[in-house]
Amino acid sequence: MKKIANITTTIIDIPTIRPHKLSMTSMAMQSMVIVRILDTDGAEGLGEGTTIGGLAYGPESPESIKKNIDTYITPLLLNKPYHSIKSLTQMLNKSIRGNFIAKSAIETALFDLKGKQLGVPISELLGGACHNHIECLWVLASGDTDKDINEALSMIETKRHRNFKMKIGANTLEQDISHVTKVKAALGPSVSIRVDVNQAWNESIATKGIAALEKAGIELIEQPTAAKDFAALARLSKKFNVPILADESIADKEDAFLLAKQNFSGSVALKIAKSGGLISALEVATVCSSAGIDVYGGTLLEGSIGTAAALHAWSTIPQMQFGTEMFGPLLLQDDIVKTPLKYHNFGVEIPNLAGLGLEIDEAKFKQYTRK
Ligand code: MUC
Ligand code: MG
C-alpha cells in the first residue's frame, strides 16, 4: 500500500499587481505556504495554505501555517497509507485544534496525490463536476474611485469579469457610500456590484449603510457586522431585500447549522481555507442547501494551487446564485505553475487533468521562495 514518505512546506511571496485594500489591511504581496507531499512511489501531491495580511484577517499566519504543519501535522502523517483521506483528516482533527488553513493545504495535497494515482481530477473524487466553467467576479479594491471604474471597464471589455465586489469599511460610512454609488452609477444597471464590509460596522451603522446601498442598486452585502453575532446577521437578512452574505461567520457545518437556526435568509461564502479543506467546505454547502440558504464560491486570495482546489469543490455544487470570486491568481504579478488556470468568458475553467491538474514551475518556485 502506498504511504506518505515526505512532506515539505515552503513560503512563496509574490507581489500583487496593485495594492489590494480591505477594511483591515492593504496587501502589496501575497504569501502562500505550498505543501508538497511525496508518496513511497515518488508521486507528488500539491497543496496551498494562504491567508490575507499576515494575522490581520484571521488567527493563522503564513509562518504559523508552515511551523504547525512541520512541527505537529507532518509527524502524524509520515509513513501512513493515504487510501482514505477522510480517516487521515479525522485523525488530524482529533489531535490538532483549529489550524484550518494548514489542514486545508494538507487535505488538498492528499487529494492531488490520490487523483494522480487514480488518473482522475479531484472533482471526480468529490462526486463529479456539474460544470466545466464557472462565473468569477473581480474585486475592486484599489482605494480610488476612478481607478476602480477604469479597472472594471477594462475587465468587462476583455470579457474577463462582469460582476464586481468592492471592499469597504476602512473609511467613514459617508465616504464608502459615495465611492460605491459613483462606481455603480458609472458601470450602469447591467453590471452587478456587491460590497464586502469585512465586519467593520455595528448593527446600527449597518442598518443605515445597507439602506443606502440597497437604494444605489447594490446586489449583495457581505459580512457587514461582527463574525460572532449571528443574530445581527439574521436580523439584517430579514430587514432588507438586498441579500446578506455571511463570510467570516461561517467556517464549518456547525456554524452553518447555528446560522440557519437563527432563520438567516441570505447566502453563505464557502472557503476551503476557513473550513479546513474541501470536504468540510462542501459539508457547509449541504447544511446551507438543506436550510434554503444559497452558497457562494469564496477565496482567501490563494494562488493557482489553492484556487484550483476550491474550483474542483465548487464544480460539484449544482447551483450558486452569485457564482464565485476565484480570481486570486490574477491579483498576483506571477505564478509558480507551468500552465495557469484559464480565465475567459467572465469565468474560469475547471481543470480536468488528474488531481489538481497543475504542475509546479521549479524555476519560479525557487525565485519566489522566502529566504
Ligand atoms: C473576503 O473576506 O472575502 C476575498 C476576496 C478579496 O478581495 O478578499 C477576500 C476575503
Ligand atoms: Mg469576505
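Q: Where does ligand 1 lie in relation to domain 1 and domain 2?
A: Ligand 1 lies between them, because both domain 1 (4-123 + 360-368) and domain 2 (125-349) give residues to the shell around it. Keep in mind that this is a predicted model.

Q: Which residues come nearest to ligand 1?
A: There are 16 residues around ligand 1, and the nearest are His20, Tyr57, Lys165, Asp196 and Asn198.

Q: What does histidine 20 do there, in terms of distance to an oxygen atom of ligand 1?
A: One polar atom in the side chain of histidine 20 is 2.7 Å from an oxygen atom of the ligand.

Q: And what about tyrosine 57 and aspartate 196?
A: For tyrosine 57, a side-chain N or O atom lies 2.7 Å from an oxygen atom of ligand 1. For aspartate 196, the distance from a side-chain N or O atom to an oxygen atom of ligand 1 is 3.0 Å.

Q: Taken alone, how much area does ligand 1 expose, and what share does the protein bury?
A: Ligand 1 exposes 280 Å² when taken alone, and the protein buries 100% of that.

Q: Which cavity is taken by ligand 1?
A: The largest cavity is the space that ligand 1 takes.

Q: How do the residues of the shell divide into nonpolar, polar and charged?
A: The shell around ligand 1 has 6 nonpolar, 3 polar and 7 charged residues.

Q: Back to the domains. What separates the centres of domain 1 and domain 2?
A: Taken over C-alpha atoms, the centres are 23 Å apart.

Q: How many residues are in contact between domain 1 and domain 2?
A: Domain 1 has 43 residues in contact with 52 residues of domain 2.

Technical notes: Residues numbered from 1 in each chain as written. Chains lettered and ligands numbered in written order. Predicted model: local features only at pLDDT ≥ 70, side-chain atom pairs only at ≥ 80, totals over all residues. Heavy atoms only, no water. Near = heavy atom within 4 Å. Polar contact = N/O pair within 3.5 Å; in protein donor to acceptor, adjacent residues only side chain to side chain. Areas by Shrake-Rupley, 256 points an atom, 1.4 Å probe, with all protein chains shown as cover. 1 Å grid on protein atoms, 1.4 Å probe; cavity = no way out; pocket = protein on both sides within 12 Å on 5 of 7 lines; lining within 4 Å. Sits in = over half its atoms within 2 Å of the grid points. Nonpolar A, V, L, I, M, F, W, Y, C, P; charged D, E, K, R; others polar. Domains from an automatic or database assignment. Contact = heavy atoms within 4.5 Å.
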